[in-house]
Amino acid sequence: MANPAGGVILAQNAPDVADAVAQNAAEGARMAAEVARQAAQAAQAYADAAAQSYGEIAGTAAHALTGGAIDPFVFRLAIFVLAVFVGYYVVWSVTPALHTPLMSVTNAISSVIVVGALLAVGVDTVADGTEWARGFGFVGLVLASVNIFGGFLVTSRMLAMYSKKK
């Protein structure tokens, strides 16, 4: 047989048990919120660190290592000028036999740029105040299209060099 007094004791303790469970749940939620806040701070710190480009990091390092004698802008400008010279000599030393495959790769890269530029031109449907993005997207679209057209034109002329004279 069941003890009726036991049922009364359980019924009297039920609010206390429910309060204890609610307090434990609230404490767990507070702890989870704190862990989430710390994770968000760590993610923000990582994103801030990743947002610095390698040029900025190298420029800042050169500035610090020379005691402030080299401005980071001058350091990045020097890297750009060296890249222009290296690119010039690399492009002009390409043999005609390698020119056509390289132009194909360049045209493929430009086609990806065209897709990105089209997305930038159509950005006004997403947000307001995006005139600069639309403008740069249009400029990128025009320049990439000229690059593709010129690449195909130069490639066809290069292939004409290898065809038999009629």
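Which residues form a nonpolar patch on the surface?

1. Basis of the note. This is a predicted model, in which local features need pLDDT of at least 70 and side-chain atom pairs count only at pLDDT 80 or more, while totals for chains, interfaces and linings use all residues. Residues are numbered from 1 along each chain as its sequence is written, and side-chain values use heavy atoms, with hydrogens and water left out.

2. The surface patch. The nonpolar patch consists of Ile70, Phe73, Val74, Leu77, Phe80, Val81, Val84, Phe85, Tyr88, Tyr89, Val91 and Trp92, which together have about 1,300 Å² of accessible area. Patch members have over 30% relative accessible area and no salt bridge; like charges are joined within 9 Å, and nonpolar side chains (Val, Leu, Ile, Met, Phe, Trp, Tyr) within 5 Å. A salt bridge is a side-chain nitrogen of Lys or Arg within 4 Å of a carboxyl oxygen of Asp or Glu. Accessible areas come from the Shrake-Rupley method with a 1.4 Å probe, and for residues only the protein chains shown count as cover.

3. Three aromatic pairs are found in the whole structure. Rings of Phe, Tyr and Trp (its six-membered ring) pair if their centres lie within 6.5 Å; planes under 30 degrees apart count as stacked, over 60 as edge-to-face and the rest as tilted. Ring pairs link Tyr88, Tyr89 and Trp92 into a cluster. Trp92 lies in helix 3 (residues 72-92) and is exposed because its relative accessibility is 64%. Tyr89 is exposed at 56%, whereas Tyr88 is partly exposed at 45%. Here buried means under 20% relative accessible area, exposed over 50%, and partly exposed in between (1.4 Å probe, protein chains only).

4. Overall architecture. The chain has five helices and zero strands. Helices (H or I, at least four residues) and strands (E, at least two) are DSSP runs numbered from the N terminus. Buried residues account for 10% of the 166 residues. The chain exposes about 13,000 Å², of which carbon and sulfur atoms supply 73%. Of the contacts with a separation of 6 or more, 51% join residues 24 or more positions apart; contact means heavy atoms within 4.5 Å.

5. The nonpolar core. Val114, Ala117, Leu141, Ala144 and Ile148 make up the largest nonpolar core. Helix 4 (96-121) and helix 5 (131-162) each supply at least two of its residues, and helix 5 gives the most, with three. Such a core is a set of buried Ala, Val, Leu, Ile, Met, Phe, Trp, Tyr and Cys residues joined through side-chain atoms within 4.5 Å. Beyond its neighbours within four places in sequence, Leu141 is in contact with Val114, Ala117 and Leu118.

6. Ser110 is found in helix 4 and counts as buried because its relative accessibility is 3%. Not counting residues up to four places away in sequence, Ser110 touches Ala144, Asn147 and Ile148. Leu143, in helix 5, is exposed at 57% relative accessibility. Leu143 and Val114 are 29 residues apart in sequence, with their C-alpha atoms 9.0 Å apart in space.
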